[in-house]
Amino acid sequence: VDLREISCPTVLIVDDNPFNFIFAKALLEKKCCRVLTAYNGKEAIEVVKEHHEEISFVLMDCQMPIMDGFEAAEILKNMMAQGEIRRFPIYALSANEIEQEKERFNQAKMDGFIRKPLTEHEISKLLRKH
């Protein structure tokens, strides 16, 4: 195992809001992460197909045009279950309360829920976990 991969994980951020993107990317890069980006669920699936071997985890916005985060997560989890892509956790990012999203969150088999705005504390917790 390459030690650089352990100390510098690759994270995919999926969000349609450029401000959230820039902010999350800056927080992750400060923590030595390589950041991949997608602006909607459909784009996220394409990025994952290309980079699934190196992705440590995904931060997926729930509300996006074209394809929302729940639908994308469900598709990705099915691809993992069928062995098409390597398994990695997908965390829902939402400004809403978990209670409002719980059913869809569970249906999509997401691995965790993070309230927006993303904080340095949350990023640190995730990085320790992975």
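This is a predicted model: local features need pLDDT of at least 70, side-chain atom pairs count only at pLDDT 80 or more; totals for chains, interfaces and linings use all residues.

Trainee: Which cysteines form a disulfide here?

Mentor: The test is a pair of cysteine sulfur atoms within 2.5 Å. The whole-structure search turns up 1 disulfide. Its sulfur atoms sit 2.1 Å apart, and the partners are Cys-8 and Cys-32.

Trainee: How many residues apart in sequence are the parts that this pair ties together?

Mentor: Helices (H or I, at least four residues) and strands (E, at least two) are DSSP runs, numbered from the N terminus. Cys-8 lies in the loop between helix H1 (3-7) and strand S1 (10-14), and Cys-32 in the loop between helix H2 (18-30) and strand S2 (34-38), so the parts tied together are 24 residues apart.

Trainee: And which cysteine sulfur is nearest to that of Cys-33?

Mentor: Cys-33 is in no disulfide. The nearest cysteine sulfur is 6.8 Å away, and it belongs to Cys-32.

Trainee: On to charges. What is the closest N to O distance between Lys-49 and Glu-46?

Mentor: A salt bridge needs a side-chain nitrogen of Lys or Arg within 4 Å of a carboxyl oxygen of Asp or Glu. Both residues lie in helix H3 (residues 41-51), 3 residues apart, about one turn of the helix. In general, an α-helix has 3.6 residues a turn, so residues three or four places apart point the same way. For Lys-49 and Glu-46, which form a salt bridge, the distance is 3.8 Å.

Trainee: Are Lys-116 and Asp-61 buried or exposed?

Mentor: Their side chains meet in a salt bridge at 2.9 Å, N to O. Lys-116 is in the loop between strand S5 (112-115) and helix H6 (120-129) and Asp-61 in strand S3 (residues 55-61), so the pair ties together parts 55 residues apart in sequence. As for accessibility, Lys-116 and Asp-61 are both buried.

Trainee: Where does the salt-bridge partner of Lys-77 lie?

Mentor: Lys-77 forms a salt bridge with Asp-111, with the closest N and O atoms 2.6 Å apart. The link joins distant parts of the chain, 34 residues apart, with Lys-77 in helix H4 (residues 69-81). Asp-111 lies in the loop between helix H5 (98-107) and S5.

Trainee: What covers the buried residues of H4?

Mentor: Among the buried residues of H4 are Phe-70, Leu-76, Lys-77 and Met-80. Lys-77 has a relative accessible area of 14%. The cover includes H3, S3, strand S4 (90-94) and H5.

Trainee: How far does H4 reach from its first C-alpha to its last?

Mentor: The expected span of a helix is 1.5 Å times one less than its number of residues. H4 has 13 residues, and its reach is close to the expected 18 Å. The value itself is 18 Å.

Trainee: Which residues does His-51 touch, not counting those up to four places away in sequence?

Mentor: His-51 is in helix H3 and buried, with a relative accessible area of 17%. Contact means heavy atoms within 4.5 Å. By that rule, the residues touched are Arg-34 and Leu-36.

Trainee: Last one: what is the angle between the planes of Phe-21 and Tyr-39?

Mentor: Rings of Phe, Tyr and Trp (its six-membered ring) pair if their centres lie within 6.5 Å; planes under 30 degrees apart count as stacked, over 60 as edge-to-face and the rest as tilted. The structure holds 4 aromatic pairs. Phe-21 and Tyr-39 form a tilted one, 4.5 Å centre to centre, with an angle of 35 degrees.

How values were computed
Residues are numbered from 1 along each chain as its sequence is written. Side-chain values use heavy atoms; hydrogens and water are left out. Buried means under 20% relative accessible area, exposed over 50%, partly exposed in between (1.4 Å probe, protein chains only).
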